[in-house]
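These are my notebook entries on a structure that I looked up feature by feature. The sequence and model come before the entries.

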Amino acid sequence: MDERLGELLDESVFAPEATVPEPRTAVPEPRTALPDLPGWLVPRPRLAERLSRGVLGPLTVVVGPVGAGKSALATEWLHTGRAPGPVACVRCEGREERPDVFWPRILAALYDAGVELPEFDDVPVNELLVARLAAQLALRGTPVVLVLDDFQPEPGSPVAEGVVSLLRHTSSMLRVVVFSRRDPPLHLHRYRLSRELTELRTADLAFTDAETASLLSQHGLDVARHVVRALRRRTAGWAAGIRLAAMSMQGQLHPDQFIARFAGDDEAIVTYLVEEVLDAQSPEMRHLLLTTSVLEHVNAELANEVAGAAAGRYFATLVRQNSFLQPLGQGWFRCHRMFADVLQLRLQHELPGSVAGVHRRAAAWLAEHGCLAAAVGHALAADDWYYASRLVVEQLGIGQLLGLTATRLPDILGPWAPAEVRTDEPEPVLVAAAVQHADAEAVAGTLEEAARLIDRLPDGGGDRALRCRLTHAVIRMAAEHSRDLGAARAAAAEAKALCARLPVHPLAERPEIKALTLFVLGRAELRAGDLKGAEPLLTSGLKAAGATENGALRRGCLVELALLEALRGRFRAAGEFATLATRPPLPTWTARDSSNATLLVVRAWVGLARGEPAVARCELGHVRAALHALPDPFTTGVATLVGRLVNIAEQGLPAAPESLVGTVGPWLPPTLRQPLVRACAATLDTPRARTHHTAPADGGHGTADAPVERLTAREEDVLGRLSQMMTTEEIAEDLYLSVNTVKTHLKSVYRKLSVSRRSAAVRRARELQLL
């Protein structure tokens with residue numbers, strides 16, 4: 001390796017190896033000279049301060065991969081002079097540590113640091129020496145700091161157990177600081193539980209943007225902040241990677257373009273990591289590292305699947321010995337991105353014929369364990385587009401491809417265009433239809449071909465055919481709900497029937513299918529005039545859309561509920577739903593989103609009902625543009641009606657709601673006539689100041705002649721969420737209250753409204769226009 005590079009990246013601050021000290025009659029003067037601070041060192045006071053705090057306790061460990069800057073940090077810290085006593089530094093032998101070499105070296109370092117100790121020449125190098133050394137250190141009045149570099153003996157080895165015993169019996173007079181590439185076998189959990197352990201790990205050692213900029217400036221590179229940030233992210237803050245990039249960037253005319261291309265296949269990166277890490281591994285460990293490098297996240301079971309049982313047995317050792325693997329929790333790990341890039345490059349060179357098989361095995365395991373997006377990615381990496389398509393349909397993941405979920409699938413078509421799909425299997429054709437669902441003409445032919453292939457499945461297709469047909473119905477709903485509501489309603493009805501025939505478990509993991517189905521059915525029922533049937537569908541759809549984190553579907557349900565309440569003449573409730581539909585985080589409107597025009601009409605109507613005809617006219621002005629982009633006869637009819645109401649209100653003209661509703665046109669279903677008459681009457685009614693309300697005394701079914709006590713602001717908040725079908729726990733979470741507090745508010749609401757259950761409270765509140 002280049003000598004300058006090795007000096008920059010791995011310079012040691014520790015004393016050279018020492019032999020057993022010669023018998024001495026007096027303790028020599030302590031050595032106070034410290035290694036010089038190298039000119040290339042990047043100051044990191046935030047980490048040096050953590051070391052200074054750490055040595056106030058018995059054990060501090062600094063664990064990071066090769067080139068993470070551990071030795072440079074040790075040098076910087078030693079120069080702070082913040083140690084609570086004399087400091088003895090020892091460079092260890094890594095995994096090959098022998099007791100007869102290790103303990104004489106410890107004694108020599110302590111003597112050289114000025115620690116007053118008796119001679120141990122007559123003591124054998126075993127447990128007796130450790131016990132006597134611990135006894136001597138325990139008698140001190142000030143602590144001693146022992147720094148062990150590259151300390152990584154095997155768990156249970158004599159050296160490891162000796163250091164454990166030394167720590168345990170020195171009465172806190174020994175402070176050990178370990179620098180290592182892996183966790184030292186020093187019973188770390190025991191010290192964690194007693195809060196006597198300070199840990200700095202790979203994530204802590206990662207360079208910040210400011211430190212990255214300082215390192216680049218050492219190489220004469222003055223680059224923009226976004227370039228610094230890009231390099232830090234590309235290297236994940238790995239000191240060696242940043243240094244290598246800086247050395248390569250010198251003389252580059254366009255540093256930002258270089259960083260965009262800088263990756264784990266850079267020759268300097270490959271050489272450094274192969275020599276320092278990969279070549280030091282056993283054949284089994286090397287095979288495990290190479291094969292698991294294709295995985296974004298890995299655990300023991302997945303490693304066993306892709307690497308084989310023989311290599312998989314080494315996974316626990318790999319995790320313990322390799323700090324390039326960063327823990328994610330619950331047994332999952334992620335490999336450092338640049339190291340993974342190097343490993344994948346070596347995998348292509350060393351095992352070229354096995355790469356596709358590794359990806360296929362990973363895809364099968366991930367699909368079986370519910371990680372569809374990752375499974376599809378590996379299937380595509382294996383160049384098996386047909387298998388990827390089969391996974392999408394089999395796992396009912398079509399919603400992820402259609403954008404109905406927060407989790408999106410990879411670009412599954414890749415280089416294939418839908419027109420090029422030639423297969424006798426329905427799954428690839430269904431995926432092609434999903435990709436082109438926004439194109440009405442193209443998707444129709446592709447869906448027709450998919451239906452033909454589904455019908456040709458042998459023996460009726462069984463469960464496979466059910467999943468294919470459900471996928472077909474979901475694509476039709478997504479394609480038609482804003483263009484042809486009748487076709488979308490038929491697809492939704494078919495999807496609902498198919499869901500009833502499939503197992504509950506896979507559908508429970510795909511709430512986006514339920515959300516889309518309920519939204520389409522609720523929207524269709526509303527436009528058919530069945531307000532009572534539409535409300536539970538849209539309310540359930542809203543809840544399902546929230547579970548799948550689909551902002552567009554959630555907004556669509558809220559807008560339709562707002563329209564439903566406006567058609568009933570409940571303008572306060574309509575306004576609340578309309579407001580919720582515009583609260584972030586929500587996606588931006590698209591050209592295919594018909595909810596925009598509907599929301600504008602509702603806001604116009606609510607504004608008019610509040611006595612603000614100018615606001616209503618302004619909103620209606622925006623409706624025309626929205627309806628021109630995406631026609632909706634029903635919304636157009638409501639907009640026309642609201643426009644006439646605005647004219648009447650502005651001009652003070654007399655109008656009979658019955659005659660007004662009778663002229664609105666063929667869009668009006670007969671069942672909507674009476675609700676609309678009442679809604680128009682409520683709109684044209686003179687605004688009334690309602691300071692008192694009345695409520696029946698029979699649980700919501702009697703006359704309205706009993707005064708209702710005014711609800712508090714918090715009770716109104718709870719009541720509003722009650723109307724959205726939220727559970728007590730969901731209300732508590734949304735309002736940042738305890739469950740018991742919410743229950744108390746609910747009891748008060750029931751009492752004031754003279755009801756005894758939720759549904760009665762919501763119904764009565766709407767009668768009193770509290771919602």
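Is Cys 371 buried, partly exposed or exposed? I find Cys 371 partly exposed, because its relative accessible area is 29%. The classes I use are buried for under 20% relative accessible area, exposed for over 50%, and partly exposed in between, with a 1.4 Å probe and protein chains only. Cys 468, with a relative accessible area of 0%, is buried. I searched the whole structure for disulfides (pairs of cysteine sulfur atoms within 2.5 Å) and found zero.

**Basis of the entries**

I note that the model is predicted, that local features need pLDDT of at least 70 and side-chain atom pairs count only at pLDDT 80 or more, while totals for chains, interfaces and linings use all residues. Residues are numbered from 1 along each chain as its sequence is written, and side-chain values use heavy atoms, with hydrogens and water left out.

**Overall entries**

I recorded 40 helices and nine strands in the protein. Both are DSSP runs numbered from the N terminus, helices being H or I with at least four residues and strands E with at least two. Of the 771 residues, 51% are buried. The protein exposes about 35100 Å², of which carbon and sulfur atoms supply 52%; accessible areas come from the Shrake-Rupley method with a 1.4 Å probe, and for residues only the protein chains shown count as cover. I then looked up contacts (heavy atoms within 4.5 Å). Among those between residues at least 6 apart in sequence, 70% join residues at least 24 apart.

**Helix H33**

The 17 residues of H33 should span 24 Å, and the end C-alpha atoms are 25 Å apart, which agrees. Which residues of H33 are buried? They are Ala 616, Glu 619, Leu 620, Val 623, Ala 626 and Leu 627. An α-helix has 3.6 residues a turn, so residues three or four places apart point the same way. The cover over the buried residues of H33 includes helix H32 (595-609) and helix H34 (633-651).

**Salt bridges**

Side chains of opposite charge can pair when their charged atoms come close. My criterion for a salt bridge is a side-chain nitrogen of Lys or Arg within 4 Å of a carboxyl oxygen of Asp or Glu. The whole structure holds 42 of these salt bridges.

I looked up Glu 211 and Arg 46, which form a salt bridge with the closest N and O atoms 2.9 Å apart. Glu 211 is in helix H9 (residues 209-218) and Arg 46 in helix H2 (residues 45-54), so the pair ties together parts 165 residues apart in sequence. Glu 211 counts as buried at 6% relative accessibility, whereas Arg 46 counts as partly exposed at 35%.

Arg 464 and Glu 427 also meet in a salt bridge, at 2.7 Å from N to O. Because Arg 464 lies in helix H25 (residues 462-480) and Glu 427 in helix H23 (residues 426-435), the pair ties together parts that are 37 residues apart in sequence. I find Arg 464 partly exposed at 23% relative accessibility and Glu 427 buried, with a relative accessible area of 2%.

For Glu 525 and Arg 489, I recorded a salt bridge of 2.4 Å, N to O. Glu 525 in helix H28 (residues 511-527) and Arg 489 in helix H26 (residues 485-501) are 36 residues apart. Glu 525 is buried, with a relative accessible area of 18%; Arg 489, at 31%, is partly exposed.

My last entry is a network of salt bridges that links Asp 183, Arg 192, Glu 199 and Arg 201.

Notes. The expected span of a helix is 1.5 Å times one less than its number of residues.
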